[in-house]
Amino acid sequence: MKNIYCVFLLLGAFFAGISATVFQNIGQLSTTSFDFIVVGGGTAGPVVANRLSENPNFHVLVIEAGPTNEGVLNAMIPSFSVQLQQTTFDWNYTTVPGIGLNNRTLAYPRGRILGGCSSHNAMFYTRGSMDDYDRWANITGDDGWNWKNILPYILKARLFIYNEKWTPPSDEHNTTGEFNPVVHGFNGLMFTSLPGSPQTIDNMILEVPDQLPDQFPFLLDMNAGKPLGLGWFQGTIGNGTRSSAATAYLSTAFTNRPNLHVLLNTKVKRISGSKIHGIPALNNVEIDGSQLTLTAEKEVILSAGPINTPQILMNSGIGDRNVLAKLQIPTVLHLPSVGQNLTDQPITTVLYSVNSNKPLDNLDTNATLQAQALAQWEFNRTGPLVDPGPNFIAWSRLSSNSAIIKEFGDPSAGQNTPHLELAPFSAFSIASQPGHTGGMAIAVVTPKSRGSVTLNSTDPFGKPIIDLGFFTDEFDIRAMIEAIKLSQVFYQAPVWKDYIISQVAPAVNATDAELEQYIRSTSATTLHGVGTAAMSAPDADYGVVNPNLLVKGASGLRIVDASIMPFINSGHPQAPVYAIAERASDLIKSCNLHIDMTIIKIQALAAAFSNF
């Protein structure tokens, strides 16, 4: 069946002579037909567009709803990472009131700019554990998703090494003992690096593993597959500048290809098509505000992210038929899993009053220091603006004898997988308050709670309804309580004796019940939503895509973004999304390579029969 589908792909219309450029609106296109149309210029889409256009015979269009990232200063300076959020470069989504959050709503920024969230995220480069990927392989029945096949750690050019270009930090300090070069790539497109500007607490943090070795052992490299312990932050940064999907995969060097086209400021409404032998062939892309329909002769690749991908699917008639009927949307494919399984990682903070008078600790409120830091960055891409946040991350796992796991089960993928992430941050100043505040950001990275993305019944093409489902499962609230207690242990290490003055929030002697209320009242989102178009085994009666990322029950439509993750990785999803996109590109290429060989055989047979 797959081979027949691939043959049909190649038999599509052929065209040539289209000059590549970056278009500001759909009216500038010289054609409406392409081999591949990538919907979404976020983290995954540029990867797929780049890799497919390596074949000069493939004409590829990538569509982005927002503007270009070029010339946007806040998309370049690492420490300005969140300053594009809740601006015109953002979709400006808001969640519905969360029953697990004391009915609070949360801002839910998503990148509306070329590069998507990779253009305004916090640039954490964390792959998660080897168990995470092995679980993907087990649940889908496809070993191509396991750790061995998706993460390279030897000389063979597998996906992450192919993707990654490890670079020295901007201050060019000696990084011996700060990472393991064996598990990194040095020839890829995506820059990664270590912190390039020391923070005032770095030396104290480095003493914690010696003083608390059982709770916080030193971790040489959190991207080696077993991220348990405390280690140096790794980020998508190169030469003191943000490295995003746009800068890495859609730079001028690539958009100059005559077969790669980028369409900006264009929102996709739905994917449509016709039925062939009863199977929906979805190869048309309908644009908001335009009567033009774009056609993909081979495939549409939906890379709009965990919020917009399910929205486009449901508006295309792909989802739960009962829900679609209420919205008067004709059902094209009954896939009830669309928009379900939304998984995100809740985060809160533990705050301390600290004894610190270092000049950099006043950067938040001192305009002179801010101007000096910006001038230094503009001059040579160094200084305090080259890093987005903490210089260290600690990963911890609940004990197998934990009462929480005994009562609620273990949602993690295996023994190499952390349940909790802890990120100690340097002191900062608040203009309206004396002194300095420091502390720890903590997150549950293996949550059991699930949410959903559904259409707005008033305006299905407007902002969707996002329900994160935070703390609707008791495991998550109990795990977060343990994370707070673990952060308190961290700051009880002797090295902090003269630094910590007092705990500010939550109350130092708070009961578990009081900690629960603190968590429900203060927790926010890490903006790590995944899973809303999850992959599953071909014969599974749930899920949205097969392990090859083709939409179940359809032809011509593939999904490549964070929405296909069946489970969230125990880290930040940026690195896995790049890997997903790299592997998806190979899947698409291999399909079309088989087509080429099939056509050659057909031509040979035709030549042979012509002699009769």
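## Close-up views of a predicted model

**View 1. The largest nonpolar core.** The largest nonpolar core holds 81 residues, and V285 and L294 are the ones with the most contacts inside it. Helix 15 (residues 574-609) gives the most to this core, seven residues. A nonpolar core here is a set of buried Ala, Val, Leu, Ile, Met, Phe, Trp, Tyr and Cys residues joined through side-chain atoms within 4.5 Å. Buried means under 20% relative accessible area, exposed over 50%, and partly exposed in between (1.4 Å probe, protein chains only). Helices (H or I, at least four residues) are DSSP runs, numbered from the N terminus. This is a predicted model, so to speak of local features takes pLDDT of at least 70 and side-chain atom pairs count only at pLDDT 80 or more, while totals for chains, interfaces and linings use all residues. Residues are numbered from 1 along each chain as its sequence is written, and side-chain values use heavy atoms, with hydrogens and water left out.

**View 2. Around L294, and a second core.** Zoom in on L294 and, leaving aside neighbours within four places in sequence, you'll find it in contact with I26, L29, T32, I37, L61, I63, L263, N283, N284, V285 and I287. Contact means heavy atoms within 4.5 Å. A second, separate core has 59 residues, with I205, F216, W232 and Y499 among them.

**View 3. Helix 13 against helix 14.** The axes of helix 13 (residues 474-490) and helix 14 (residues 512-522) come within 10 Å and cross at roughly 105°. That makes helix 13 roughly perpendicular to helix 14. Axes are lines fitted to C-alpha atoms, for helices over the stretch in contact, with angles running from 0 to 180 degrees between N-to-C directions. Angles under 35 degrees count as roughly parallel, over 145 as roughly antiparallel, 65 to 115 as roughly perpendicular, and the rest as oblique. On the helix 13 side, E474, I477, M480, I481, I484 and K485 meet D512, L515, E516, Y518, I519 and R520 of helix 14. The residues of this contact split into seven nonpolar, no polar and five charged.

View 4. A salt bridge is a side-chain nitrogen of Lys or Arg within 4 Å of a carboxyl oxygen of Asp or Glu. E482 and K485 are three residues apart, about one helical turn. Both partners are partly exposed, E482 at 31% relative accessibility and K485 at 30%. In helix 14, E516 and R520 pair up at 3.0 Å, N to O, and sit four residues apart, about one turn of the helix. E516 is partly exposed at 23%, whereas R520 is buried at 9%.

**View 5. A bridge between helices 12 and 13.** R478 forms a salt bridge with E407, their closest N and O atoms 3.5 Å apart. The pair links distant parts of the chain, with R478 in helix 13 and E407 in helix 12 (residues 403-408), 71 residues apart. R478 is partly exposed at 25%, while E407 counts as exposed at 54%.

**View 6. The surroundings of A248.** A248 lies in helix 7 (residues 245-249) and is buried, at 5% relative accessibility. Not counting residues up to four places away in sequence, A248 touches L189, M190, S243 and F254.

Note on methods: Helix = DSSP H or I, 4+ residues; strand = E, 2+ residues; numbered from the N terminus. Nonpolar A, V, L, I, M, F, W, Y, C, P; charged D, E, K, R; others polar.
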